[in-house]
Amino acid sequence: MPQHIRFFLSIIILTSWLSACTSTTMVSPRISDNQAVLALLHASYDHSVAGDYANAEVKLERALRIEPGNADLWYELAHIKFQQEQYSQAESLALRANSFAGNKDFLRRDIWNLIGQARGAQNNFNGAQEAYKKARTY
Amino acid sequence: MTFKRIVFFFLLLLLALVLYGVYLDYIVRQQFEGKRFELPARVYARPLELFVGMALTPQQLRTELELLKYTSTPDPSTSGQYSQQNDVFLIYVRAFDFWDGAQEEQQLRIEIRGSAIASLVDAETNQGVDIARLDPVGIGGIYPSKGEDRELVRLEQVPESLINALLAIEDHRFYSHHGVDPRAILRALTTLIGRGRIQGGSTITQQLVKNFFLTPERTLRRKLTEMLMALLLEWRYSKNDILETYLNEVYLGQDRNRAIHGFGLASQFYFNRSIEQLELHQAALLVGMLKGPVSYNPRQHAQRALTRRNLVLAELSRRGYIDKHQYDALIQRSLDISPKPNMGLSPYPAFMDLVVRQLRSDYDEDDLRTEGLRIFTTLDPIAQRAAERTLTKRLGELEQQHRLSANTLEGALVMIHSQSGEVNVVVGGRRPRFEGFNRALDAARQIGSLFKPAIYLTALQQPERYTLVTLLDDSELLWQEPGIEDWQPSNYNNQYHGEVPLWLALAKSYNVSAARLGLDLGIQNIIETANKLGLERNLSPYASTLLGTAELTPMEVAQMYHTIASGGFRTPFRAIRAVMTIEGKPLKRYGLAVKQTLAPEPVYLLSAALQGVVREGTGKGLQHYLSPALNVAGKTGTTDGLRDSWFAGFTGDRVAVVWVGSDHNQSTGFTGAAGAMTVWGEVLSQLNPRPLTLPQPEGIEIISVDPLSGLRVDANCQEVLTLPFVGGSAPKESVRCTSVSGGNKIKNWFKRIFSGE
C-alpha cells in the first residue's frame, strides 16, 4: 500500500477510535435526564473508584429516591455490593435492576452477567450457568 | 486535759475528717461520672433534598422551613433565615454535619413553578446547583427517664469567646486555683460580714459540685462540704474535664416541664443555633443568665436580660477580652433571641416508637441513652403532618356523618416509600402528639378483604390454570370440614353473580368467588404466598382466614402491599438511615436491601388487577381525590359488622395503609371505601403523588379480549378489554366483535394504562 494512503487510513482509524472512546468515558445521557441523578451518580463513581463503598452507596440511594425506577442505578448499586463481597444482595439488587431494564439490552446483558458472577460466588453454579446463558441472549 | 488526750482527740478528729473525705470523694466520683455520661441521642427527620424538577409546592417548602425554625426576613443575611417573594425563595441554609459528610452554609435561590422546582441556583455564585439539601428537622431525642434534656458539647466545640466570657465573669482564676479560690472566698467573707449572707466566691468547680446536690442549701456547713468536694474533684479530674462538664451541666432555664441544662442546649433553645454558631453578644447573655436563668429569661424579661448582658460585656471589656470598639458595637446589638423555642420531647411519638424499636434490636438501650448519638431517620415531616391533620379531621367528619358520638372512632396510617422501604409516616391515633397506644404498630385488627390479593396472587402463579379473565364461580358456596361448623360465606349485598372473570371478582371484592378460589388452591398455599409477601405472623389454616379473619397491624399490611408494589421484591422497612456518634463517627448504616420472593409476572398481573379495583371496583370513589391518570392500585377492606374500615394502596412512589375503627371493636357503620379510603385519598392528594407505571416483566404480553367471554378479539372492537397475560396463557380462541346493543360497556382502562409505555 502506498505510503500516503496508509497514513490517511491510520488517521481515519485513529480518529474513529478516539471518538468512540470519548463517547464512552462520559456518563451516558440515556441513564437519566435528571441533573441531580447524574450528579449523584458521578459522585458515586468517584467514591467507588476511591474504594469508599459506603459513600458510593449513600449517593446511589439518594439518586434512587429521586428515580426509583432507574435500572442503571439499581445495577450500579448491585455492582457496588459485589465489590464489597455482599453477593446475596448483589444478586437481589441486580434482579431488581432487571425488572426495570425494559428494552435496554446492553444493560440486561450486564445485569445477567453480574447475577452469574454473584451466584457463582455463592456456590450456586447451576444458577450461575443459567444467568450467563440468559446474558448471551441479549 | 492531758496532752495525750488532746493529741488523741485531734487524731480522732483527723480520722473523722479523712473518713468524711473518702465519703465525699465517693460522692464526687459517682456524680461526676454520672453527669458526664447521661447523654441523650438526637434524632432527625430526613433532610429535604432539592433539585430541578422536584415536585414541591411553596407551601410545602415553607412548612419545612418553619419546622426547621428558619426565620422569615426580607433580607436573609445569616444562616437560618429565608425570604419568599411570590414563588421565589432565597434561603440561607445552615451548615450541618451529615453522616455522609459535613455540609457548609449555602445561599440558595429557588424558583417554583407549577408545583415543581423550576430553578435552583447558588445565590452567591449564580451557578446552577444540581442537588442541594436543607439541614434536617430535629424531631426529638431519646432521653433518660428524668425528662431532662442535653445537647452535649465537647470543649473543642465551644467558642473561645464563650469560655472567656464565662471565666471572666464567674471564675477568672479557674486555671490557676485548685478547686477553691482563696481570694474569692476572702471577698465573699467580707460580703458575709457586710451583708450577713454567703454570696459569690464560688469557683466554677464549686458551682459544678453544687449541682450534685438535690436540695439547695446556703448554709456554712454546705458551703464547706462543697469546698471540700471541689478540692477532691480537682484532685481527681483535669481542668478541662471539669470545665466541659460544667458547660454541659449548668441550669439555664425552663421550658414547661423540661429543664434546660448546658450551654449547648441553651444555645439551641434561645438562639436556634448550635453552640459553635453563637456570636459574642449571645454568649455574653447566656453567661449573664447563670446567676438567675429565670429572672434573666430573655423571653420574659427582655430589658433585665439586656442590662445583664451589657454588664457582662462591660466586664469583658474591663478585663481586656474585647476592646472599646467591639464593646461599643456589641452593646448596640439586640438580644437576637429566636422567637420560638424548639420542642424537646418528640412531636412524633408514634414514629419515634418505631425508631426506638429498630434501634433496640441492634443496640443496648443504655448505649442509646448515654452516648449522645445522632440518629438520621426516614420521617417525612411534611407528609406526616398532612396525614395527622387529615386523619383527625376525617374521623370527626365520619362521626358526624354516621351519627356516632365524638371520639368513638380511632385510626392509624403508615406510609412507606415504594422502592426503598423507607418509612415516611407513622400515625398511631387521632391525637398524634400524645404518646399512647401506637395503633400503627400494635393494633392487630381483622383485615377482611385486604387478604384477597394473597388468594388471587396464588392463583395467578399458575398461568396454565388462571389468568385475569378466567371465569370464577360466584354462586352459593357451602363449605364443610370435619371439626368445624359449616361455612357459608356471602357477598356484601347477599347477591350471587354466577360466573365472573377473575379481575372483576377482585375489583368488586366478591367474597364467595374468592373463598371458592382459595379453597380450590388450598389454604396452605395461600398462607405460603402471604408469607412470601412478608407476613410473618402465623395464620390459622382454616377457611375463614381466606376472608380475612386474620388480625394484622397496619404496618404488617403495609409490608404485604409493599412487596406487591415492588414487583415481588420483599424489602424490610427502615425508619433509620444512619447513626453517628457525638464525635461524628458513623456507627451503623441501614442500607437498602431487597429479596425477590415472588416471580415478577404474577405480581404484575395482580398489580394490574388492583388498579382495576380503583378504576372499576370498590375503590372507584378514590377518583374524588386523585386523578385517574395516576393509575393508583389499591384494595378496600371491610370486616364483619363493619367493625374495621381499611384501605391499602400504592402510587408510583408511596405505599400507604389506613385503618379506621373503634378501639372497643364496635361497628362503625361504614365500609372501607366510605371510611379509610377517603382518608387515604385526601392525604395522598396533598403530597404530589407520582403516577404508577408498572414495569412490564419480560414474560408478559398484552392481549385484547372480549369483556364478556374473555376470548381474544380484534383490538379495534367497540367493547374491548386490553389485559396483560403471562406469555402463552392468553386464550387461544378468538371471537368476533360483540355488537353494541345495550349491556355494560366496560371501558378500556387497561388499554389506557399500557398504551402509554
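In this predicted model, E57(A) pairs up with K81(A) in a salt bridge, with 3.1 Å between the closest N and O atoms. The two partners sit in distant parts of the chain, 24 residues apart: E57(A) belongs to helix α3 (residues 53–66) of chain A, while K81(A) belongs to helix α4 (residues 71–83) of chain A. This bridge is one of 39 that the structure holds over all chains.

Salt bridges also turn up between the chains, where the count for chain B and chain A comes to 5. Among them is the one in which the side chain of R574(B) meets that of E61(A), at 3.7 Å from N to O. On the side of chain B that touches chain A, the residues split into 11 charged, 9 nonpolar and 5 polar.

As for the extent of the contact, 31 residues come from chain A and 25 residues from chain B. Interface size is often quoted as the accessible area lost when the parts come together. Here, chain B and chain A bury about 2400 Å² between them, and carbon and sulfur atoms give 52% of that area. Three residues stand out on the chain B side: R589(B), L592(B) and E698(B) supply 24% of the area that chain B buries against chain A, more than any other three residues.

Within chain B, there is a helix pair to look at. Helix α3 (residues 160–170) of chain B packs against helix α9 (residues 280–289) of chain B at about 35 degrees, and their axes lie 9 Å apart. The crossing of α3(B) past α9(B) is right-handed. From α3(B), the residues S161(B), L162(B), A165(B), L166(B) and I169(B) take part, meeting L280(B), A283(B) and V287(B) from α9(B). Sorted by class, this contact has 7 nonpolar residues, 1 polar residue and no charged ones.

Note on methods
Residues numbered from 1 in each chain as written. Chains lettered and ligands numbered in written order. Predicted model: local features only at pLDDT ≥ 70, side-chain atom pairs only at ≥ 80, totals over all residues. Heavy atoms only, no water. Contact = heavy atoms within 4.5 Å. Buried area = accessible area lost by both parts, 1.4 Å probe. Salt bridge = Lys/Arg side-chain N within 4 Å of Asp/Glu carboxyl O. Nonpolar A, V, L, I, M, F, W, Y, C, P; charged D, E, K, R; others polar. Axes fitted to C-alpha atoms, helices over the stretch in contact; angles between N-to-C directions. Helix = DSSP H or I, 4+ residues; strand = E, 2+ residues; numbered from the N terminus. Left-handed = near helix turned anticlockwise from the far one by under 90°.
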